[in-house]
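Me: Could you take a close look at one part of this model for me, the strands and the aromatic rings around them? I'd like one connected walk-through, with the cut-offs spelled out as you go.

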Amino acid sequence: MRVRRLRPLVLCVVLALAGCSPGVPLQVETLQLGRSLNPDNSVGTHTTRFKPDDTIYVSLLSDEPGEGTVTVRWRFGGQVVSEATRDVSYMRPAATEFHLQNSGGFPAGEYRVDILVNGEPAGSREFRVES
């Protein structure tokens, strides 16, 4: 008798856990670049021009549920100066932020941030640091 009562409970738990993952690849709808973040991790102050002591934020906005591995590569002079990777899984629209800081200040010049999702290019943004 106990086994019969447990089966529906186990089935409910398995179905609930299966619903915790969107099961579809993350789709990046918008890339934002700027100096500050909003509470939802979207960029608050949009810009492509920064000062050497600024923190530089990039935010990836997705409008649909999705999951994947997001990699951000920050480049200066064609060289990767920083790289970060994060696994994400969203059941609703969301923003994923990454940022770049340099306590000694950034050298002036042209920069680029490249975004990859599951190893595939998902976008890039060019920006400038000015003294």
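Reply: Happy to. Let's start with S4 and S7, which run antiparallel and are joined by seven bridges. Strands here are DSSP runs (E, at least two residues; for helices, H or I, at least four), numbered from the N terminus, and two strands count as paired if DSSP finds at least two bridges between them. Before going on, a word on the basis: this is a predicted model, where local features need pLDDT of at least 70 and side-chain atom pairs count only at pLDDT 80 or more, while totals for chains, interfaces and linings use all residues. Residues are numbered from 1 along each chain as its sequence is written, and side-chain values use heavy atoms, with hydrogens and water left out.

Back to the strands. Across from arginine 73 stands aspartate 114 in S7. On to S8: nine bridges join S7 to S8, again running antiparallel, and glutamate 110 stands opposite arginine 128 in S8. S7 and S8 form a hairpin with two residues between them, and asparagine 118 in the turn has a positive phi of about 55°. S7 is mostly covered, with seven of its nine residues buried; buried means under 20% relative accessible area, exposed over 50%, and partly exposed in between, using a 1.4 Å probe and protein chains only.

Now the rings. Rings of Phe, Tyr and Trp (its six-membered ring) pair if their centres lie within 6.5 Å; planes under 30 degrees apart count as stacked, over 60 as edge-to-face and the rest as tilted. By this rule the count comes to five aromatic pairs. In one of them, tryptophan 74 and phenylalanine 127 have ring centres 6.1 Å apart and planes at 80°, so the pair is edge-to-face. Tryptophan 74 lies in strand S4 (residues 66-76) and phenylalanine 127 in strand S8 (residues 120-129), so this pair ties together parts that are 53 residues apart in sequence. Tryptophan 74 counts as buried at 2% relative accessibility, and phenylalanine 127 is buried with a relative accessible area of 2%.

Another pair is phenylalanine 76 with tyrosine 111: the ring centres are 4.4 Å apart and the planes at 25°, so these two are stacked. Because phenylalanine 76 lies in strand S4 and tyrosine 111 in strand S7 (residues 109-117), the pair ties together parts that are 35 residues apart in sequence. Phenylalanine 76 counts as partly exposed at 26% relative accessibility, whereas tyrosine 111 counts as buried at 5%.

S1 and strand S3 (residues 56-62) pair over five bridges, with glutamine 32 opposite serine 59 in S3 and threonine 30 partnered by leucine 61. Seven bridges join S3 to S6, where serine 62 stands opposite alanine 94. As for S3, seven of its seven residues are buried, so this strand is largely enclosed by the rest of the structure. Both faces are covered: Ile56, Val58, Leu60 and Ser62 are buried on one side, and Tyr57, Ser59 and Leu61 on the other.
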